[in-house]
Every structure is written in structure tokens, then in C-alpha cells.
Amino acid sequence: MFHWISEAIHLFFLQLGLKGQFLHFTSAVVTAILLLSAGFILYYIIRIILQNSIRITNKRFPSKWRTALLKERFFIQLSFLLPVIIIKHLIPEFFENGTKSEAIFIVFINLYLVTNVTLILTAFIKAVGELLLQSEATKDKPIKSYIQIISIFFWVISIVLFISILINKSPTVFLAGLGAFSAVLMLIFQDTIVGFVNSMQLATNDLIRNGDWITVDRYNVDGTVEEINLVSVKVRNFDGTVSTVPTRQLVTDSFQNWRGMREQGVRRIKRSFFVIYTGVKKATPEMHEKFGTHHETNLGCFREYFMNYLKKREDVSSEKPIMVRLLPASEYGIPVEIYCFVKNIIWTEFEAIQAEIIEHIFIALPKFDLEHYQRK
């Protein structure tokens, strides 16, 4: 039906004086440009109609699915598919059967068709990943690692199809000899494979999730996990900076995850100070009467007093251990440790509560004739 177009182009260049191979080459190039131009025009028409329809529908009937697909440019890639298929079916109408021009153009269209389908699939998978990250059940899982693996799988298939198209052989022929290149493939994708294994270990052992507060001293990281992918973990530090930690390091090295603190709704205070040896003496009856204590020494009375002080504080959890204990003595004096859990985990408010408790220590010590060690 469209043979007259290619014949008109051929006749036009023939009248211009072109001859032989140059005539056929020029006619084929112009025909291909004309065909591709028609395809691009059709693509823009489909894209405008499709995207505008989706946006209008999404405004009236909001959908997370449509929003995610729009964000990942799924409909843009989908708009290319129909024009490419139409062009592929029109090739026999514009090129003579069995010519080099037809063969080259078919190879070009097939390569683009494979690329387009791969982009459609990866865009869809990314949209699925976006929705999973918004879901309460899966938002803390390393979804991006899985999405990257699936995308890589699609692109590996595409590469196999590319090669089979270029060598004009069935993909099974190429795959049959793939074993010889397995070592090379393992070398090329070793970081990806190791990253996937590490991501699986993090997920399986529940070591880290999106939204966790982690501290990694080696990398000077202290903040909230924003993204877990195949090769790294993205952390937004509390000073506003963004750090990336290799996924492998979180599996092999130690790090601190504060998730348990958030889940329990309490944060620990564990602070110690030194009391001078010479200040420890027998408690007086007046001290027992004034503070309601029963210990033999003034240090014992202080510990009993401070335990009661902590238990009376409403912001200290009574369900968690509360201790005022003595640690092994040293040349600096007798170490006394305050150990308790505060119900408020908000950083600034927790620090204020902790400061009040520590300040009260230095107020209370002189009341028991005790002195805090200070190097001179």
C-alpha cells in the first residue's frame, strides 16, 4: 500500500542524477528518516493523549498506582511501543524484500523494541517499589535492593537478545556457549552479587530498616536510614549532611541501631562519677533521720537517697532497672554509676532530663559529706 512512497523517493533522487549504490543508499536513508519521523509524530500524539488522560483521571480519582507510574515515566515509555510496532510491520512496504537496507533497518527496529520493552518493565518495577516503600508492612525493608536485582535481570536478558539480533542467531545458541564466559560474568557482576547477598543478610537478620537511627563510628555516621540499595546505605545525619555506608561494612563490622530504644519508648542513662575515698565515713543518726536512710555509711545513704529520687521521678521508667551502684575502685576514687531509663526518647528533651539528674548529683553529694573527685 505504501510502496509508492519509496518509489517516489527513489525516482526523485534518480532525476537528480544519482546512480548505482549511492542512489539506493540515499533513497534508503531518506525513507528510513521519513518512517522514523512519522513514528515520532505518532509517539507524541499518543503521549499527549495518554498522559493527559491519566493526569485528569488521577485528579478526579487519585490513585497511588497511577501517581507512581507517572513518576517513573512508565506512560512515556509505553507511548513508544505502538509506533515502533507499527514501523516494524510497515518495513516490507517501504523497503524491498531481501535488501541490505531492509535487513539493517529491521535490526535497528528490533534493538529499539527490546530496549523499549525493557524500559517499560523496569519503570513498572520501580513504580511497584515506590508503592511498597509507602506501605506500612514493607516500608522498612530494603525494597530498592530487590528492585535493582530485578532490573539487572531484565537488562541481562536484553543484552542476550541484543547479541542474538546482531549475530542473527537464536538466543538459545548464544546461551548454550555462555558457560565459557561464566567466570567473566561473575567478575563483572561480583559487586552486584555481593551487594545482593549483603542486602539479604541485612533483611533476613533484621539488622537495619528504612527509618532506623544508626550510629557507625568508623564512618562518622549518626542519623536516620533513608535508603538501602545493593551497594550502600544512605543515611541522613542529624546535622543535615548525607552519608553513604557500604552495605558490606554493615554486615561485617559493628554498628549501633537505636531501633529498640524507639520501639520500647525509653532511652537509657548510664553515667558515672568518682567519689573521694577519704570522704566515705560512718553515717550519723541525723543523716538517717533527715533522709530516711538505713545504710551504714554516708555513701550507702547517698545511694539509697538517689535511688528513691529516681523512682519518684515521673519521667524515669519504673518498669526498667534503676540502679545506683559502685564500680571497681581506681586511683581516682570510688566510681558511682547511675543507671536508669527515661520515658522520653526525643533527643533534646532526653538531654534536658539527663542534665537535671546529673546536676542533682552534685547538689546532693555535699549533703552527705561526700566530695566529687576533680583532677587538679
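I looked up the handedness of the crossing of H3 and H5, and the crossing is right-handed (the near helix is turned clockwise from the far one by less than a right angle). The model is predicted, with local features needing pLDDT of at least 70, side-chain atom pairs counting only at pLDDT 80 or more, and totals for chains, interfaces and linings using all residues. Residues are numbered from 1 along each chain as its sequence is written, and side-chain values use heavy atoms, without hydrogens and water.

I then took the axes of H3 (residues 64-71) and H5 (residues 100-134), which come within 8 Å and cross at roughly 130°. Helices are DSSP runs of H or I, at least four residues, numbered from the N terminus; axes are lines fitted to C-alpha atoms over the stretch in contact, with angles from 0 to 180 degrees between N-to-C directions.

Next I checked H5 against H6 (residues 143-167): the axes come within 10 Å and cross at roughly 170°. H5 and H6 are therefore roughly antiparallel to each other.

Last, I searched for aromatic pairs (Phe, Tyr or six-membered Trp rings with centres within 6.5 Å) and the whole structure gave 19. One aromatic cluster includes Phe273, Tyr305 and Phe368.

How values were computed. Phe/Tyr/Trp six-rings, centres within 6.5 Å; stacked < 30°, edge-to-face > 60°. Helix = DSSP H or I, 4+ residues; strand = E, 2+ residues; numbered from the N terminus. Parallel < 35°, antiparallel > 145°, perpendicular 65-115°, else oblique.
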